[in-house]
Amino acid sequence: MKQVEKSGKTVEEAVEAALAELQVTRDQVEVQVLEEPTKGLFGILGGKAARVLVIVKDNPVEKAKAFLAGIFERMNIEKVEIEASKKEDYIVINFKGPDLGVLIGRRGDTLDALQYLVNLVANKNSKERARFILDVEGYRKRREETLGKLAFRLAEKVKRKGKDVVLEPMSPHERRIIHTALQDHKEVFTYSEGDEPFRKVIIAPKK
């Protein structure tokens, strides 16, 4: 964690000196006033300068980007653009570049594993937790649409045959997509069973 201690005639002057040395803006730091300025005798002799400690705040997004850049270097993946955008209560990190299928893996397994690690690393020692969602050129959206269509297709099968359909093991995020897609269905309902990472969604007919 970067920090610097500075003195000045006023607290503000000391803070500005620290910001200049750290090359950051006021909203990127925490300021601790170690000593308020005092006036000396007749306002001239024996006065004390203000003293502050300025600490650069943890930036989860920059930590996430640095971690990912290191991972890509070890994987010999080059020319990857890492874009971060803030949503309502989470941060989306999207990757762009050639031949990034290796980052997705089988049905998103590799992407989910990277996402888990990024959330651990970026939030380490942070006072406020940031939630990250990783994506590769819109893969998450396409996968969500595919699972939504699958859910309705299998619901029709359950309705037609009157028997449960058991889906293959899925991540919690993908199971949630299936549950959400069919939550208002009038003739079927869904539930999950099994232990991670083999937990499955079952689509069953309503009695």
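Domain bounds, as used throughout this tour, come from an automatic or database domain assignment. The structure is a predicted model, in which local features need pLDDT of at least 70 and side-chain atom pairs count only at pLDDT 80 or more, while totals for chains, interfaces and linings use all residues. Residues are numbered from 1 along each chain as its sequence is written, and side-chain values use heavy atoms, with hydrogens and water left out.

**Stop 1: the domains**

Colour the chain by its assignment: domain 1 (3-56), domain 2 (60-137) and domain 3 (141-205). Between the centres of domain 2 and domain 3, taken over C-alpha atoms, there are 27 Å. Five residues from domain 2 and five residues from domain 3 make up the contact, where contact means heavy atoms within 4.5 Å.

**Stop 2: the second largest pocket**

Some terms are required here. On a 1 Å grid over the protein atoms alone, a pocket is an open set of points with protein on both sides within 12 Å along at least five of seven lines, whereas a cavity is a set of points where a 1.4 Å probe fits but cannot get out; lining residues have an atom within 4 Å of a point. Grid points are joined across faces, edges and corners, and a volume is the space filled by probe spheres set on the points.

Select Val56, Lys57, Asp58, Asn59 and Pro60, which are the closest to the centre of the second largest pocket among the 20 residues that line it. This pocket holds about 620 Å³ of space. Where does the second largest pocket lie? It lies between domain 1 and domain 2, because both give residues to its lining. Strand S3 (50-56) and helix H2 (60-74) each supply at least two of the lining residues; helices (H or I, at least four residues) and strands (E, at least two) are DSSP runs, numbered from the N terminus.

**Stop 3: the largest pocket**

Next, select Gln115, Arg131, Ile133, Arg140 and His173, which lie nearest the centre of the largest pocket, within a lining of 23 residues. Its volume is about 750 Å³. Domain 2 and domain 3 each contribute at least three residues to this lining. Show helix H4 (109-122), strand S6 (132-136), helix H5 (139-161) and helix H6 (172-182), each of which supplies at least two lining residues. Which element gives the largest share of this lining? That element is H6, with six residues.

**Stop 4: helix H6**

Remain on H6 and select its buried residues, Glu174, Arg175, Ile177, Ile178 and Leu182. Buried means under 20% relative accessible area, with exposed over 50% and partly exposed in between (1.4 Å probe, protein chains only). These residues cover an arc of only 150° around the axis, so they are on the same side of H6; the arc is that of the directions from the helix axis to the C-beta atoms. They pack against H5, strand S8 (188-193) and strand S9 (200-205).

**Stop 5: the largest cavity**

Finally, select Arg107, Gly108, Asp112, Tyr139, Arg140, Arg143, Glu144, His173, Glu174 and Ile177, which line the largest cavity. The count is one cavity of 30 Å³ or more, and the largest cavity has a volume of about 50 Å³. H5 provides the largest share of the lining, four residues. The cavity lies between domain 2 and domain 3, because both give residues to its lining.
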